[in-house]
Amino acid sequence: MSLISLSNASLKFGAHVLLDGADFQVSEGDRLAIIGRNGSGKTSLLKVIAGIYQLDDGLAERQRGIKTAYLPQEVPTGLAGTVYAVVASGLGEIGKALARYREMLPLMEGEHSKADQNEFDAIMHRLGEADAWATGAKISETIERLELSPDQDVSTLSAGLKRRVLLGRELAANPDILILDEPTNHLDIDSVIWLEKFLKSCGKTIVFVSHDRAFLQSLSNRIVEVDRGRLISFDCGFKTFLQRRDELLEAEEKNNAVFDKKLAQEEAWLRQGVKARRTRNEGRVKELKKLRDIRKARRERLGQVELKVQDGQTSGQKVMDVKNVSVSYGGNPIIKNFSTTIFRGDKIGIIGRNGVGKTTLLNALLGKIKTDSGEISYGTSLQIAYFDQMRQTLDPKMKPCDFISEGSDHVTVNGQKQHVMTYMQGFLFTPEQARGEIAMLSGGEKNRLMLAKLFTQPANVLVLDEPTNDLDMETMDILENTLVDFPGTILLVSHDRTFLNNIVTGVFGFEGDGEIVELVGGYDEWDRYRNQKAAASPAAQAKPKISAPKKREKFTNKERWELEAIPEKMAALEKEQEEITAKMQDPDFIRANPGEIKALEERMHSIQKEEETIFERWEFLEQRKAELEG
């Protein structure tokens, strides 16, 4: 069932055409990924779907009563209050009242003023009139599913956890469609994997933009590509899309070649001598004019970024020798007694959660920060080029061309002088962008600018801290191939699992408490190592196994009694749920027992978990009985 559809949609900003007579629809149950080049209009399309932008032309239709929730790619500044208060704010004034009610509950249990009592009574009356008690329980359930602490101050959370809070705020309003713009940006790998699982199980129709290939492959069941103002729909997952997209582009190139050949033949005919012009076919001339108009209207696919690392001199065989290096902040170990030897040609991925110390490790290895203990010795003839994820070297008021050339008209690449504008066109910057201000560039364009600057430097060691943030997939593919072919040494921090797997030959993995393990391979080897270690831990061994027991010869009497008792257990839990709901909707009970509300909410959550466990056990027993008794 179609929830939102666009017909013959057109949208442009200035002279830049984003949608050019495009058709599009979102259907119930879609987990729809929108992909395309940086600047192609993906975010603008999301805002059209969310109702934030209006089309210049065409028709946008929404099913009556459809609610959308839009999560932008940037976390807004100034988020304040508890997690519960921010999530509840998604419900407007009722949400604010629920948050204030929760805030006042501890106060009501002790001595309090008459003014406080009057405020509390007024809030309870308002919530009772709005029948909002069950809504409060739903907010708590949402926060629990997001694995957040309801009373934590949002301002103290990491950017990744703030994005979870904002997702909870949108979910609180129970939208029909979740619209997510780059939801994995700046998240660590564990957070991305959590988000994948959450979105797949939340039961919502989802429209999202992402350049994370592993995330796309795991989550999407439909793809729409934004390409030169068109919206091309692929009713398949990401892996199949890649194959179909390549086939489509190949067919387009062949058709264009046939068209161009015919146009050239007609142009040659028209340019024939006087005799040909005297006898020319007027219908054929009109057809030629039509062909010219079609060719003029054709929008060419953008060229590819030209990434090439400048060749540095060959470094010594040994690049770095690290012995027992430790770094701590405020008494907390960040790096503890880390030792390794990095050789020429090693491509090392540095993996760990946000804030664990990945950038600190890079800075320690480069000698940019002082270590607490240990020593680092360096090989000979090192030429190090460093990509900074924070873009600290970018002056927003500076011209991109001056940033690249340091005020000159030329750059030197592999010993050859090249005009800076020509060099920047290889990174897909228009002359207008090159002469504008850095502040006017998008996140992906700023990353491209940093890469363009990086590759003006001769290097035999590349140190890259999150180089793929905000890059489109085509640019990532080219960067990936460039790094694979690079003969020197690479130290790479990234949260892109596919990117790591395709490039690195070894991993420095942060295990916590400053411990770093060194492994051969990429992300998959790191993930396998962690899983094996978790399975071998005493806690995991003491835990009862989740997997089903080995099949016995017959369905036992004990299993039969357990199966027969399940309906009664479920009925008892349902009755208890009804009783709790009735209490939470009874203003008199709440007024008389304010201290019990939190415990009732917690009991509701535990009942839901018990029901899930019992249901899984019932499903297993029913299946086992059918297998053994036919």
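Axes here are lines fitted to C-alpha atoms, for helices over the stretch in contact, with angles running from 0 to 180 degrees between N-to-C directions. Helices (H or I, at least four residues) and strands (E, at least two) are DSSP runs, numbered from the N terminus. This is a predicted model, where local features need pLDDT of at least 70 and side-chain atom pairs count only at pLDDT 80 or more, while totals for chains, interfaces and linings use all residues. Residues are numbered from 1 along each chain as its sequence is written, and side-chain values use heavy atoms, leaving out hydrogens and water.

**The H6 and H7 pair**

- Helix H6 (residues 159-172) and helix H7 (residues 189-201) have axes that come within 13 Å and cross at roughly 15°.
- That makes H6 roughly parallel to H7 (the label for angles under 35 degrees).
- On the H6 side, Arg164, Leu167 and Leu171 meet Ser191, Trp194, Leu195 and Phe198 of H7, where contact means heavy atoms within 4.5 Å.
- Sorting the residues of this contact gives five nonpolar, one polar and one charged; Ala, Val, Leu, Ile, Met, Phe, Trp, Tyr, Cys and Pro count as nonpolar, Asp, Glu, Lys and Arg as charged, and the others, Gly among them, as polar.

**Nonpolar cores**

- A nonpolar core is a set of buried Ala, Val, Leu, Ile, Met, Phe, Trp, Tyr and Cys residues joined through side-chain atoms within 4.5 Å, and buried means under 20% relative accessible area, exposed over 50%, partly exposed in between (1.4 Å probe, protein chains only).
- The largest one has 114 residues, and those with the most contacts inside it include Tyr101, Leu167, Leu199 and Leu462.
- Helix H3 (residues 93-109) supplies the largest share of this core, seven residues.
- Another core lies apart from it, with 27 residues, among them Leu6, Leu19, Ala22 and Leu32.
- Back at Leu199, contacts beyond the neighbours within four places in sequence are with Leu178, Leu180, Ile206, Phe215 and Leu219.

**An enclosed helix**

- Helix H1 (residues 42-50) has seven of its nine residues buried, so it is largely enclosed by the rest of the structure.
- Among the buried ones are Lys42, Ser44 and Ile49.

- Most residues other than glycine have a negative phi.
- Asp131, not a glycine, has a positive phi of about 55°; Asp131 sits in the loop between helix H4 (114-129) and helix H5 (133-145), and counts as partly exposed at 48% relative accessibility.
- Glu466 also has a positive phi of about 55° without being a glycine; Glu466 is in the loop between strand E17 (461-465) and helix H17 (473-485), and counts as buried at 6%.

How values were computed. Angles under 35 degrees count as roughly parallel, over 145 as roughly antiparallel, 65 to 115 as roughly perpendicular and the rest as oblique.
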